[in-house]
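Me: I would like to learn how to read the features of a model like this one. Could we take them one at a time?

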Amino acid sequence: MNPASASASALTVLIVEDDFHMQLGCVQALQLAGLSVEAVDSAEAAIPLITPGYAGIVVTDMRLPKADGLSLVRHCHAIDPDLPVIMITGHGDVTLAVEAMRSGAYDFIPKPFSPEILVEIVHRAMEKRSLTLEVATLRRVLARRDGIEGKLIGRSPQIQRVRRLVMEVADSPVDVLIQGETGTGKEVVARALHDFSGRRDGTYVALNCGGVPDTLLDSELFGHEAGAFTGAQKKRIGKIEYANGGTLFLDELETMPMGMQIKLLRVLQEREIERLGSNHPLPVDVRVVAATKDDLLQRSQQGGFRADLYYRLNVVTIELPPLRERREDIPVLLEHFMLLATSRFNRPPPQVTTEQMHRLMAHHWPGNVRELRNAADCLVLGVRKDILGPGPAPEPSSEAEEGLSLADSVDSFERSLIAAELRRQEGNIARTAKELRVPKTTLNDKIRKYRLQGE
């Protein structure tokens, strides 16, 4: 049984039928199919029971004593457009059935009909309702995820350190440099720095330096006056000026040309700009958050980046760990991304098998968190990913029994990997860290966490 049909069994079918024998037949047919049923004999009796988010569906006859089934369909559609209403119509009521569908009915059943037809259509409507309610619940869960923990998700010591640093510097006026591999979430951190600062009501402006041709970058950042160059027919406000009072995020800073680095350094020092074609400096109150995947100090020593700009930005540096160095965050990140995908694609959340989780935990994640998000999308959509497909996977530890929670199973699996490698390296932490491709500090944190012994 799939998740939608499993939760559908907890819903109720509301029968609205004034004919006692017809009502009894419908109730018995649905109860024999294992469904929960409630029955009333008029639209007036049904209306108080039907509220937004009603945990069930409605089956109503077209012909009722006072208000008819069509008016009930319209009432249900008005208070909850996603509530399935199935119309039972008499022979020759095709025109009314069409009108009911136009008014929002889910389906109609012409009399006479067999119990099997009723049960089949009700099952389909129940699965649709179950999915609708499940997605609505997930959206409410996502909406409640606020604060820094809702933006920088994870429980590893590394991501906790990042969260603390973000909160410590968010409200200070200093510029910030964010370093991390591709896909580690540099823009997420930049956005958090803006959202938790006194500039949150100002403009947040993002620019990928590597995505703008060198010939256009000057105008993109500083703007220009009308006639400043061929094709500049009117004045243009640049990104720096547009971010006045807010935050300017410069991604892939390492790709910025040397000449532009000099102009950016002057902005950081003087807090003023000049548009192309203008001789009048304009003061700007902007916080610059820059991001890079390269070692800018090494690049500056090799002549590939200005050292003075590096040291000007290096007042506060936030280093984002790659996902392979905080594997304990994979389950909670996967859950978060699956919730997002479930809401976005209107699909039920999938069940992640133990084998799939083992593969996720063992994967190297060259694309980091962005790659994990793609994997979550594929899981929700049912699209095959190589890391989730069949093939050899690491064996779970003996402690990862079926009774353990997902988080405990993951911890047990990670502990067994570290313990096995420590044994192979005869307790040498430096060699173990190298083989597992994690920093020694991270490995020491995990050894203490799992109470493993090393030298």
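This is a predicted model: local features need pLDDT of at least 70, side-chain atom pairs count only at pLDDT 80 or more; totals for chains, interfaces and linings use all residues.

Me: Is aspartate 377 buried or exposed?

Reply: Buried means under 20% relative accessible area, exposed over 50%, and partly exposed in between (1.4 Å probe, protein chains only). Aspartate 377 has a relative accessible area of 14%, so it is buried.

Me: Which residues does aspartate 377 touch, leaving out those up to four places away in sequence?

Reply: A contact means heavy atoms within 4.5 Å. On that basis aspartate 377 touches Phe337, Ala341, Arg344 and Phe345.

Me: What lines the largest pocket?

Reply: Pockets are found on a 1 Å grid over the protein atoms alone: a pocket is an open set of points with protein on both sides within 12 Å along at least five of seven lines, and lining residues have an atom within 4 Å of a point. Here the lining has 32 residues, with Thr184, Gly185, Lys186, Val188 and Val369 nearest the centre. At least two lining residues come from each of helices H7 (147-151), H8 (157-169), H9 (186-195), H15 (330-345) and H17 (368-381). The volume is about 680 Å³, that is, the space filled by probe spheres set on grid points joined across faces, edges and corners.

Me: How many of the lining residues are nonpolar, polar and charged?

Reply: Ala, Val, Leu, Ile, Met, Phe, Trp, Tyr, Cys and Pro count as nonpolar, Asp, Glu, Lys and Arg as charged, and the others, Gly among them, as polar. The lining of the largest pocket divides into 12 nonpolar, 9 polar and 11 charged.

Me: Where does threonine 184 lie?

Reply: Threonine 184 is in the loop between strand S6 (176-179) and H9. Its relative accessibility is 7%, so threonine 184 counts as buried. Not counting residues up to four places away in sequence, threonine 184 touches Leu320, Pro321, Pro322, Asn368 and Val369. Threonine 184 and glutamate 371 are 187 residues apart in sequence and 9.4 Å apart in space, C-alpha to C-alpha.

Me: Which residues of the largest nonpolar core touch the most other members?

Reply: In soluble globular proteins, nonpolar side chains tend to be buried together. A nonpolar core is a set of buried Ala, Val, Leu, Ile, Met, Phe, Trp, Tyr and Cys residues joined through side-chain atoms within 4.5 Å. The largest one has 29 residues, and Leu221, Ile240, Leu248, Leu250, Leu253 and Met256 touch the most other members. Elements giving two or more residues to this core include strand S7 (204-208), helix H10 (214-222) and helix H12 (258-270). The largest share, 5 residues, comes from H12. A second, separate core of 21 residues includes Leu11, Val13, Ile57 and Ile86.

Me: How many helices and strands are in the chain?

Reply: There are 20 helices and 12 strands. Of the 455 residues of the chain, 47% count as buried.

Terms used
Residues are numbered from 1 along each chain as its sequence is written. Side-chain values use heavy atoms; hydrogens and water are left out. Helices (H or I, at least four residues) and strands (E, at least two) are DSSP runs, numbered from the N terminus. On a 1 Å grid over the protein atoms alone, a cavity is a set of points where a 1.4 Å probe fits but cannot get out, and a pocket is an open set with protein on both sides within 12 Å along at least five of seven lines; lining residues have an atom within 4 Å of a point.
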